[in-house]
Amino acid sequence: MSSHHQVLVIGGGTAGIMVASQLQRNHKNINVGLIEPADKHYYQPAYTLVGAGTYDFDKLSRSMASLIPKGVTWIKDFATGFKPEDNTVTTKNSGDITYDYLVVAAGIVYDHTLVEGLSEAIDKGVVCSNYTDSKHVWNVVKNFKGGVALFTQPTTPIKCGGAPQKALYMSEDYFRKSGVRKDSTVVFATNGGVIFGVKPIAETLMNVIDRKDINVKFGHQLVKIDADKKIAWYKMGDNVSEHNHKDIKITEENGLVGIHYDMLHLAPPQTAPKFIQNSSLVNAEGWVDVDIHTLQHKKYSNIFSLGDAAALPTAKTGAAVRKQAPLVIDNIVSLMNNNTVTNKKYNGYSSCPLVTGYGKMALAEFDYDNNFTPDPGLKLMLIFDSSKEHWRLWMLKKYMLPYLYWNKMMRGKEV
Ligand SMILES: Cc1cc2nc3c(=O)[nH]c(=O)nc-3n(C[C@H](O)[C@H](O)[C@H](O)COP(=O)(O)OP(=O)(O)OC[C@H]3O[C@@H](n4cnc5c(N)ncnc54)[C@H](O)[C@@H]3O)c2cc1C
């Protein structure tokens with residue numbers, strides 16, 4: 001079994017479906033194949049709302065079959081490796097697939113083994129994660145009776161870097177509603193040295209942290225979880241500092257600092273999928289080694305990558321994919337017609353909708369240089385400073401963005 005496609009896309013997530021749909025809509029003559037093993041496609045940005053009990057998990061997914069555009073050949077299989085010199089991708093069951101142009105959009109995977117004890121702990125009891133089981137998060141938050149609520153994240157890059165903080169702010173707000181806040185200490189421990197890389201957003205978030213009286217511990221590198229004793233163990237970075245100190249139980253042992261918790265929310269460590277990491281396509285950190293402005297592979301000019309798997313020094317989000325996908329297509333079409341990519345440049349645009357409580361949100365939009373770059377279209381929604389919390393931004397997150405995702409982005413329409 002083998003087949004050939006002019007453009008072969010690996011992955012039917014946000015990036016793969018956007019690329020395939022836009023190609024199908026605007027370049028019907030191009031023969032497109034898409035390798036994707038999953039039956040379902042999830043709208044991941046709403047996981048944080050599910051974890052706060054304000055979005056229905058069952059409304060988050062659509063069948064993959066309903067999203068793969070008619071005319072695109074669905075190869076329902078796992079890609080297993082690359083032979084870029086032969087323009088070939090190997091698969092688990094469908095043999096070798098050849099291509100003229102390849103788009104690698106296989107996303108990110110969770111590697112629990114990078115934090116000792118995490119595999120045993122995650123999604124059980126009081127240890128939860130919006131990344132892996134947002135329904136469990138809501139159960140843990142709903143049933144929290146007070147004590148130390150610890151929110152944390154790993155030292156690896158993670159998709160939607162703001163998501164661990166969204167869980168923090170939403171849970172804290174819920175503890176006020178449920179009446180347990182006065183019996184609780186809410187702690188955020190992160191390996192970073194600042195709350196957010198974009199200045200006006202960092203200012204807003206530090207105000208939120210003070211308003212909510214959250215204890216923030218910077219420079220904390222998560223290395224181990226002891227689920228039996230309910231201790232999260234950290235190595236100290238050289239950027240350790242603390243904000244809103246609280247007297248909570250801390251144990252120090254073998255050079256590590258252990259925070260005792262009564263509930264723990266965390267993002268698991270994340271890497272590119274193994275078949276990508278083990279290929280000749282990656283940089284030293286294991287991400288697909290593309291030019292950060294053209295998204296073209298640095299060594300193989302007929303390979304492109306976008307989304308979470310690509311080595312792009314910006315936040316890994318669906319919002320970033322929205323800006324990357326049209327460029328990948330323009331560059332492929334330009335290569336086909338003119339033998340060279342366009343002179344358009346991706347500037348690292350990404351965005352993170354930071355929900356800070358029920359009905360409250362600030363919208364971080366930024367580029368490679370962490371400049372705050374708000375969409376001028378927000379003014380039409382009467383939002384004049386999106387770095388500040390606003391209820392209209394919450395409405396955007398909860399209602400408008402899911403609608404635009406399913407009906408525009410996934411259909412290859414302009415948004
Ligand atoms: C908790 C959470 C909150 C988030 N919040 C936001 C937000 O508010 N805003 C925002 O913009 N983004 C948010 N994101 C991030 C966003 O969902 C991702 O950045 C986006 O989905 C990336 O698209 P992608 O196509 O690269 O990866 P994905 O959408 O994850 O898709 C990857 C696809 O590749 C497939 N695949 C994997 N391995 C193989 C293989 N071997 N062969 C073939 N196919 C394979 C997978 O099955 C999957 O369908 C959030 C994510 C999470 C988890």
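This is a predicted model: local features need pLDDT of at least 70, side-chain atom pairs count only at pLDDT 80 or more; totals for chains, interfaces and linings use all residues.
1. Helix H1 (14–26), helix H2 (47–50) and helix H9 (318–338) each provide at least two of the shell residues.

2. At the level of domains, the ligand shell takes at least three residues from domain 1 (2–108 + 272–346) and at least three from domain 2 (113–269). Domain 1 is given as two segments, 2–108 and 272–346.

3. The ligand has 36 residues around it, and those that come nearest are Gly11, Gly13, Gln44, Gly107 and Gly307. By residue class, the shell holds 20 nonpolar, 12 polar and four charged residues.

4. Cys160 deserves a check of its backbone. Its phi is near 45°, a positive value in a residue other than glycine. Cys160 sits in the loop that runs between strand E11 (147–152) and helix H6 (163–178). Is Cys160 buried or exposed? Cys160 counts as buried because 25 C-beta neighbours lie inside 10 Å, where the cut-off for a buried residue is 20 or more.

5. Lys230 is another residue with a phi to look at. Here the angle is near 55°, again positive in a residue other than glycine. Lys230 belongs to the loop between strand E13 (215–226) and strand E14 (231–243). With 22 other C-beta atoms within 10 Å, Lys230 reaches the cut-off of 20 or more and is therefore buried.

Notes: Residues are numbered from 1 along each chain as its sequence is written. A residue is near a molecule or strand if its C-beta atom, placed from the backbone, lies within 6 Å of it. Helices (H or I, at least four residues) and strands (E, at least two) are DSSP runs, numbered from the N terminus. Ala, Val, Leu, Ile, Met, Phe, Trp, Tyr, Cys and Pro count as nonpolar, Asp, Glu, Lys and Arg as charged, and the others, Gly among them, as polar. Domain bounds come from an automatic or database domain assignment. A residue is buried if 20 or more other C-beta atoms lie within 10 Å of its own, exposed if 12 or fewer, and partly exposed in between; C-beta atoms are placed from the backbone.
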